[in-house]
Amino acid sequence: MEIITSKDNPAVKLYRKLSESKKERSAYNMFVLEGLRIVMDALKENSGLKYLIITQQAFERFESEISQADLNNTRLIVISNELGNKIAQTEKTQGVFAVCSIPPAKKLNLDSDGKYIVLHRVQDPGNMGMIIRTADALGIDGIITSECCDLYNPKVIRSTMGSVFRMKIYNEPDTDIIFSELSEKNIKSFASVIDTDAVSINNISLKGGCAVFIGNEGNGLPEEVSEKCSFRITIPMHGTINSLNAGMACGILMWEMKRNG
C-alpha cells in the first residue's frame, strides 16, 4: 500500500484548493468533507465521492468501516499522518477526508402542503449548517437559500453532520421567484422578525403548507421581503433580550411548524 507523503500530490492539492476557496469549489464543481461519519453518510447516499483520502493511522483504525463501504467510483488514497494534520481543518482530526461532486442545482418546485424554511442573506456557516441539521431532524420538507453564504463551505458541511445529503435544498437568489412559487402553490409565507407589532408565534397557526423566512444575523429580513410575506411573526422573549441567534430562532420556528401539523 503506497503512503502519500507529498503535499504536491494532485488529489491532496485539489483537496486544499477546495477547502480554502469558494472560487475553486465553483470552478471544479466539487467540495470537501472531513470526518468519518459525514464521509460514510456521503457514500451511503451515493453522493458522488471522487476521492477518499485517509491517513495511515485512520486507515488502520477504520479499516472495517471502509472495507464495507461501496467505493466502486471512489479512488482511495492513503496519506501520511503528518500530511493529514496539515490538510485538516479541525483541531482533533480523525484523518478521514474526501472530495465530493456538487450535485446539480434543484429547480424550485414546492409541495402545496410542505413545510419550508427560506434563509435570506444568512452569512454564518455555523448557523447555516445547524439549521440544515435541525430541519432534517424535525422533518422539514425543504430549505430555500437566497443570497446566503456558500452552502459548500467546509464549516457549513461539517455543521450539517451529513444532513446536507438528505435535505432538499434549493438556491434561489431572486425572492420574487420564491414568492411566485409560494403563491402558485398556495403556501402561506411568514416573516420572522423582532418587531413589537408582529404576531406572537403563540397566537398564530402554522398548519398546512407554509414557508418561514429567516433573515441575516445582524440585520434581519429586509423590509421589502418581510412586507411581501402573508404574516409577520415573532418569538416572545423575557427580560431585556430582544433577539436570538438565527440558528436557535429557526429551530424554535421549525418545531412550531411541525407541532402544528
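## Two loop residues with positive phi

Arg-121 sits in the loop that joins β5 (115-120) to α7 (125-138); helices (H or I, at least four residues) and strands (E, at least two) are DSSP runs, numbered from the N terminus. The phi angle of Arg-121 is near 60°, a positive value in a residue other than glycine. Most residues other than glycine have a negative phi. Arg-121 has a relative accessible area of 33%, so it is partly exposed; buried means under 20% relative accessible area, exposed over 50%, and partly exposed in between (1.4 Å probe, protein chains only).

Glu-147 also has a phi near 60°, positive in a residue other than glycine. Its place is the loop between β6 (142-146) and α8 (154-160). With a relative accessible area of 39%, Glu-147 is partly exposed.

The model is predicted: local features need pLDDT of at least 70, side-chain atom pairs count only at pLDDT 80 or more, and totals for chains, interfaces and linings use all residues. Residues are numbered from 1 along each chain as its sequence is written, and side-chain values use heavy atoms, with hydrogens and water left out.

## Salt bridges

A salt bridge is defined as a side-chain nitrogen of Lys or Arg within 4 Å of a carboxyl oxygen of Asp or Glu. By this rule the count is 10 salt bridges. One of them joins Arg-121 to Glu-147, with the closest N and O atoms 3.2 Å apart. Arg-121 is in the loop between β5 and α7 and Glu-147 in the loop between β6 and α8, so this pair ties together parts that are 26 residues apart in sequence.

The side chains of Arg-25 and Asp-150 meet in another salt bridge, at 2.8 Å from N to O. This pair links distant parts of the chain: Arg-25 is in helix α2 (residues 22-28) and Asp-150 in the loop between β6 and α8, 125 residues apart. Both Arg-25 and Asp-150 are buried.

Within helix α11, Arg-259 and Glu-256 are 3 residues apart, about one turn of the helix. They form a salt bridge whose closest N and O atoms are 2.8 Å apart. Arg-259 counts as exposed at 54% relative accessibility, whereas Glu-256 is buried at 10%.

## A nonpolar surface patch

Met-130, Leu-244 and Met-248 form a nonpolar patch on the surface, with about 240 Å² of accessible area together. Patches are made of residues with over 30% relative accessible area and no salt bridge, like charges being joined within 9 Å and nonpolar side chains (Val, Leu, Ile, Met, Phe, Trp, Tyr) within 5 Å. Accessible areas come from the Shrake-Rupley method with a 1.4 Å probe; for residues, only the protein chains shown count as cover.

Leu-244 belongs to the loop between β11 (231-234) and α11 (246-260). Its relative accessibility is 35%, so Leu-244 counts as partly exposed.

## Whole-chain figures

The protein has 11 helices and 11 strands. Its C-alpha atoms fill a box of roughly 65 × 40 × 30 Å along the principal axes. Of the 261 residues, 52% are buried. The protein exposes about 13,300 Å², and carbon and sulfur atoms supply 45% of that area.

Contact means heavy atoms within 4.5 Å. Among contacts with a separation of 6 or more, 79% are between residues 24 or more positions apart.
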